Amino acid sequence: MRDLVVAGGGPVGLAAALYAARAGLDVVVREPRPGVLDKACGEGLMPGAVDRLALLGVRPTGHRLAGIRYLDARHEVEAPFRHGTGLGVRRTTLHAALRAAVSAAGVEVTGPAVREVTQHGDHLVVDGEPARHLIAADGLHSPVRRLVGLESVPVRLRRYGQRVHLDLPPWTPYVEVHWGGCAEAYVTPVAPDQVGLAILTTQRRPFLDLLAEFPVLAARVAGRPTSRVRGAGPLRQRVRRRVSGRVLLVGDAAGYVDALTGDGLAVGLAQAEAAVAAVVAGRPADYETVARRLGRRHDLLTLGLVSATRAPVVRSRIVGAAHRLPGLFGAAVDQLARPV
């Protein structure tokens, strides 16, 4: 009987497989999509995520990130990372590095996606095959989460993300967050000659229409796209719990607030390590408390900022407030950049 099945072969699922292999578990990753996977995301790794990947022996190439910069039409304020540096890295580059590490560890990645899960006390059956545990890392709209009854009611506030890449040398080592009336635009250096541009908003409109809300930025990047627009959402996902018997949820499958603060991958990697530790100990239920603690700082800061900026009057003043209180802004960025 296999020790562990990991549903989902994105970065967090592959990291879970690496942690499992290092612990001596017999593990397989179930991922139906072949090859290197892409995804609509900001592609900026906080220092904590960079450190966790390095401990797994994964060091993807990218562009050094020195901190976060907020901008609007009147103000600009930046907060350098106080502990380490971040990394801007194409999602495909990150995924390729993790796939190579998983392959070197002798872990099989195979399809199809997990379609059926039944629990039997001391084991479970995944698509007809017995296994001791299942870790679900199958994304925002996790099928496994629904299969085992951990899906919660959807939220009314829905935000969506879109992303492209631009053939432009980075003009700053900072992730730039441009604040507009209905959206935020994120510019992330990902290579010496390329930046990623992501837009988050509650409005389902074409990318170029949303970009027009940022005329200075739009003029700077005009005519430079090198990839097609990718989208994701709705971003906010609630869960009833993160554990059901021998099934554990990690990453986006374990609930998601928003991409606004940019440390989702750091939380997901920490959850992957904690879930594997609970499996090794034979105490999967212990993961529930640990996962809640790992995500608390991220969830509180992100949910607070997203909720506050729903009000137009607050949204219009967020960068000005950060400019007037740079110490507070720097402290918030430092909290998000610290290891999870």
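1. Residues are numbered from 1 along each chain as its sequence is written. In this predicted model, local features need pLDDT of at least 70 and side-chain atom pairs count only at pLDDT 80 or more, while totals for chains, interfaces and linings use all residues; side-chain values use heavy atoms, without hydrogens and water.

2. Helix α2 (residues 47–55) and helix α7 (residues 264–281) have axes that come within 8 Å and cross at roughly 40°. Helices here are DSSP runs of H or I with at least four residues, numbered from the N terminus. Axes are lines fitted to C-alpha atoms over the stretch in contact, with angles from 0 to 180 degrees between N-to-C directions.

3. On the α2 side, A49, R52 and L53 make the contact, and on the α7 side A266, L269, A270 and E273 (heavy atoms within 4.5 Å). By class, this contact has five nonpolar, no polar and two charged residues (nonpolar: Ala, Val, Leu, Ile, Met, Phe, Trp, Tyr, Cys and Pro; charged: Asp, Glu, Lys and Arg; polar: the others, Gly among them).

4. The lining of the second largest pocket divides into eight nonpolar, eight polar and 10 charged residues. Helices α7 and α8 (286–308) each supply at least two residues of this lining, and α8 gives the most, with nine.
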